[in-house]
Amino acid sequence: MEKKYDIFISYRRNGGETTAIYLKSELSHLGYKVFLDFDDLPIGGKFEERIQEVIKTSELFLFLYSSGCLDRCRNKNDVLRKEIECAINNNKQILTLNINLATAYYSFPPKAAKLPKTIIEKLGQHNFLDFFTGQYKHNSLDRLAEFLATTETLGFQNKQCNLKILSEIDATLLVDGKEWAAIRANTLKIVQIDYGKYDVALSPACELYQATKTRELILATPTKDYVAKLEEFPMATIDKDFNDKDFEMMSAADIREKGWEYQLNNSIPMAIKCWTLAAEMGDPEAQYSLAYNYAKGDFLPRDEVKAFEWYQKAARQGESRSQFLLGDAYYYGSGTIRDYDSAVKWYKKASEHGNAKALYSLACCYHKGHGVAKDIKMAFELYLKSAEQGYHNAQLLLARCYEYGQGVEQNLNEALNWYQKASNHGSETAKIYSERIKKQLIHK
């Protein structure tokens, strides 16, 4: 006979009705087709025959055991007794939920109840779970959902839930050893997967790390989080040919250059090893490379504090890129406490080297009065220096200065000129503003 329901809920109205209604709602939400006489028996007709038919065609007989609910089963015409006997006689999978510890002895069925021999022998042989209502009902529902999802004989397959994955490095989700989905670093990834029990791991895209330890994961609810922590990615074994003694006679700069060679050959662990050695020897470019990788999380786990520390060491040696990025770290509070004064200090040092981005950022500080007295004219001059080097953000704000006469005399033609230059660098905002200026000039 064709199965029409996944679950048949059997209960005694006095003691189990409220829980039965709650379970019908929650299990239906999880995707199971649930029969509850309270909702599903049609008006009129032969109720007993309908109940017997549903039990025979259901996959699971869910029996809610409440205090004293079996006492009346000594009567062969008792409705609950007939339901239980139908399930037993048709070899149904039975799960008993012990509501609020209806029996305190964990022996089931209770010896005090005078039950028919068939019920005494068979009912206690099936699965048994404690189910608490009140403030603990959600925890109990989770355990029930896990049981349903992991019991293969029930046939509850192809019911999908959302699995949320978060990894701090680029990785691939492995489910039972098979590649499932690509995961971007520090980006929430949601994949759909069937209810069930799985062995889950993350395989890093970067060869610097090994896959995480496999975890057993039970998916049984619409949302289930799995978060991969950094310490779960063990370091990969460095090439066996590598030996620190090989670098004893090399300068820090040579070791750093060796790191570039390893990177070009996609030997990232060796590249990181070289940059670390060179950085610890005081090479500012290696310190910058190490800091950049910590900041971006490309070849190393993202760590803003370590990035700040290495930028600081390189910046103090005059490495202009690090000076600019150290200024950014102070300005945005990345890896350190936000400090506009320190941000301006390092933006100025990087600007002395002609760093276009540092000139732009310093201009913004003068424009907003962050860490320095507000000075629109100085902001304009710095925007201009940066824009002349081709930095599109500076070109955009320089154009706005010309358009509105900020720090310079208003000049719509110059505004259009700089908007178009920024537009040529891919600025969609500049394209829109260019069209606006053109219309103004036409109607002028």
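Student: At what angle do helix H16 and helix H17 pack in this predicted model?
Tutor: Helix H16 covers residues 412-424, and helix H17 covers residues 428-442. Their axes lie 8 Å apart. The packing angle is about 155°.

Student: Are H16 and H17 roughly parallel or roughly antiparallel?
Tutor: Take the angle of about 155° between the two helices. Angles over 145 degrees count as roughly antiparallel. H16 and H17 are therefore roughly antiparallel.

Student: Is the crossing of H16 and H17 left-handed or right-handed?
Tutor: The handedness belongs to the pair H16 and H17. Their crossing is left-handed.

Student: Which residues of H16 and H17 make the contact, and how many are nonpolar, polar and charged?
Tutor: H16 supplies Leu412, Asn413, Leu416, Tyr419, Gln420, Ala422 and Ser423. From H17 come Ala430, Lys431, Tyr433, Ser434, Arg436, Ile437, Lys438, Gln440 and Leu441. By class, the contact has 8 nonpolar, 5 polar and 3 charged residues.

Student: Is Glu319 buried or exposed?
Tutor: Glu319 sits in the loop between helix H10 (304-315) and helix H11 (320-332). Its relative accessible area is 9%. Buried means under 20%, so Glu319 is buried.

Student: Which backbone nitrogen does the side chain of Glu319 reach?
Tutor: The separation is 2.8 Å, from the side chain of Glu319 to a backbone nitrogen. That nitrogen belongs to Ser322.

Definitions and conventions:
Residues numbered from 1 in each chain as written. Predicted model: local features only at pLDDT ≥ 70, side-chain atom pairs only at ≥ 80, totals over all residues. Heavy atoms only, no water. Axes fitted to C-alpha atoms, helices over the stretch in contact; angles between N-to-C directions. Helix = DSSP H or I, 4+ residues; strand = E, 2+ residues; numbered from the N terminus. Parallel < 35°, antiparallel > 145°, perpendicular 65-115°, else oblique. Left-handed = near helix turned anticlockwise from the far one by under 90°. Contact = heavy atoms within 4.5 Å. Nonpolar A, V, L, I, M, F, W, Y, C, P; charged D, E, K, R; others polar. Buried < 20%, exposed > 50% of the residue type's maximum accessible area, 1.4 Å probe, protein only. Polar contact = N/O pair within 3.5 Å; in protein donor to acceptor, adjacent residues only side chain to side chain.
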